[in-house]
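Subject: A structure to look through

Hi there,

Here is the structure I promised to pass on to you. Please open it first, and then read my notes below alongside it.

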Amino acid sequence: MTAVTQTPSAPIPPAEPERCPVKKTMTLFRDVPLLLDCGLPLSNVRVAYHAYGEAQENAVLVLHALTGNSAVHEWWPDFLGAGKPLDPTSDYVVCANVLGGCAGSTGPAELPEVNGQPAPITLRDMARVGRALLEHLNVKKVRVIGASMGGMLAYAWLLECPDLVERAVIIGAPTRHSPWAIGLNTAARSAIKAAPGGEGLKVARQIAMLSYRSPESFALTQSGFRRSGVPAISSYLEHQGEKLVARFCERTYCTLTAAMDAFQPSDYELRNVTAPVLCIGISSDVLYPAVEVKAQAAVLPNSTYWELNSIHGHDAFLMDAQDLPERVRAFLHS
Ligand SMILES: CC(=O)SCCNC(=O)CCNC(=O)[C@H](O)C(C)(C)COP(=O)(O)OP(=O)(O)OC[C@H]1O[C@@H](n2cnc3c(N)ncnc32)[C@H](O)[C@@H]1OP(=O)(O)O
Ligand SMILES: N[C@@H](CCO)C(=O)O
């Protein structure tokens, strides 16, 4: 594998890199292709990433959620900054848009085709691409943190790259998708297939948003009517659907949700994970219930479980973090 740096869109001033975040793009697997889990080769894999802080051999790797991207400073301001869990004044923090994403990395349209569709990719394929990026950045060890899909991807890293991962923080994520989670994604993909071009993705996001919050959260924030005759929650879901269509890609939605659904490591594999892992459940998460996250964490030989008590459901890690950043900071730096 060889890697080539393409010209970043703007230079990064070294003094305060966390204040001048710049997305960079690399092309990996130029000479020897990546062999995808589906058996097909993939060459010239493009990876868009952000790096915060001074380059070091020991990095903190952030794994983003389904509709996230590599710009951690935009979506996780509670976690990134001086004195926070991801501290660019002392840590080298790296986050890459996943393979199959739509924020700069090789996306579904660039994957080989199988029966006229983009080849299926796996979370382990994504981890292998991440590994190649770290090799290029001369990173030898990582502490990994991910939430939601990023948490599932952290499990893939623990299984795929045990030699690299020193410890991991996994927030609001299962070791494998339940029938409930697969069912929600199936409905979302069905909507996209039934109404390609935007309308389906809008419905997919509406289904997903219902699983990202909780009945109590919506009772608090979306009771009553927004405008005459339209329930606030209906108008909210309409708005959220439109927002996703404006910033995301339906093929990426199908590719990434399929990769999550297919990720089904056995307990036997998980018992071999020796790295310390902090597993965090969210008390009101209806997508990945805390009881499920806790039971699966217990399978890992070296795990600690902690629960974020919030009424806001799965997305609480983004919108109601409370003392989560401090818990994570203590674990990542112990
Ligand atoms: C670990 C990771 O990788 S995560 C990756 C990062 N993910 C993302 O960034 C995903 C995208 N964002 C989100 O999921 C959410 O916006 C969150 C969780 C970050 C924030 O949620 P919240 O602050 O609760 O915002 P909320 O979901 O209430 O939406 C607010 C928007 O809805 C609008 N809104 C609220 N109620 C209504 C209503 N009844 N009718 C119409 N619009 C409404 C607001 O005006 C606001 O609009 P705007 O975003 O266009 O300004
Ligand atoms: N709300 C976040 C987390 C979902 O898992 C997203 O859209 O990516």
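Let me start with a word you will need: a residue is called buried if 20 or more other C-beta atoms lie within 10 Å of its own, exposed if 12 or fewer do, and partly exposed in between, with the C-beta atoms placed from the backbone. Asp285 has 28 other C-beta atoms within 10 Å, so Asp285 is buried.

Some background before we go on. This is a predicted model, in which local features need pLDDT of at least 70 and side-chain atom pairs count only at pLDDT 80 or more, while totals for chains, interfaces and linings use all residues. Residues are numbered from 1 along each chain as its sequence is written, and chains are lettered from A and ligands numbered from 1 in the order in which they are written.

**The active site in the record**

The unreviewed UniProt entry gives the annotation "active site" to Ser148, Asp285 and His314. These residues are spread over 167 residues of sequence, but they cluster in space, with a largest C-alpha distance of 10.8 Å. Please keep in mind that UniProt positions are given in the numbering used here, that feature names are shortened, and that annotations may be inferred rather than shown by experiment.

Where is Asp285 found? It is in the loop between β14 (277-282) and α10 (290-297). Helices (H or I, at least four residues) and strands (E, at least two) are DSSP runs, numbered from the N terminus. Two residues are in contact if their C-beta atoms, placed from the backbone, lie within 7 Å. Not counting residues up to four places away in sequence, Asp285 touches Gly172, Ala290, Gly313 and His314.

His314 lies in the loop between β15 and α11. With 27 other C-beta atoms within 10 Å, His314 is buried. Beyond its neighbours within four places in sequence, His314 has contacts that include Ser148, Asp285, Gly172 and Tyr212.

**The binding site in the record**

UniProt (unreviewed entry) also places a "binding site" at Arg205 and Asp315. The two span 111 residues in sequence, yet no two of their C-alpha atoms are more than 13.5 Å apart, so they gather at one spot.

Arg205 is found in helix α5 (residues 199-212). It has 23 C-beta neighbours inside 10 Å and therefore counts as buried. Leaving aside neighbours within four places in sequence, Arg205 is in contact with Gln240, Gly241 and Leu244.

Asp315 lies in the loop between β15 (303-308) and α11 (316-319). Asp315 counts as buried too, with 22 C-beta neighbours inside 10 Å. Setting aside neighbours within four places in sequence, Asp315 is in contact with Tyr212 and Arg213.

Domain bounds come from an automatic or database domain assignment. Here that gives domain 1 (4-177 + 264-332) and domain 2 (179-258). Their C-alpha centres lie 24 Å apart, and 22 residues of domain 1 are in contact with 16 residues of domain 2.

A nonpolar core is a set of buried Ala, Val, Leu, Ile, Met, Phe, Trp, Tyr and Cys residues joined through C-beta atoms within 7 Å. How many residues does the largest one have? It has 98, and Val60, Val93, Leu153 and Ile170 have the most contacts inside it. Helix α3 (residues 149-160) gives the largest share of this core, eight residues. Both domain 1 and domain 2 give residues to this core, so it lies between them.

**The ligands**

A residue is near a molecule if its C-beta atom, placed from the backbone, lies within 6 Å of it. Of the 18 residues around ligand 1, His64, Ala65, Gly68, Trp75 and Ser235 come nearest. The largest share of this shell, five residues, comes from α7. Domain 1 and domain 2 both give residues to the shell around ligand 1, so it lies between them.

Around ligand 2 you will find Ala65, Leu66, Thr67, Gly68, Ser148, Met149, Tyr212 and Asp315. This shell divides into four nonpolar, three polar and one charged. In that count Ala, Val, Leu, Ile, Met, Phe, Trp, Tyr, Cys and Pro are nonpolar, Asp, Glu, Lys and Arg are charged, and the others, Gly among them, are polar.

Happy exploring!
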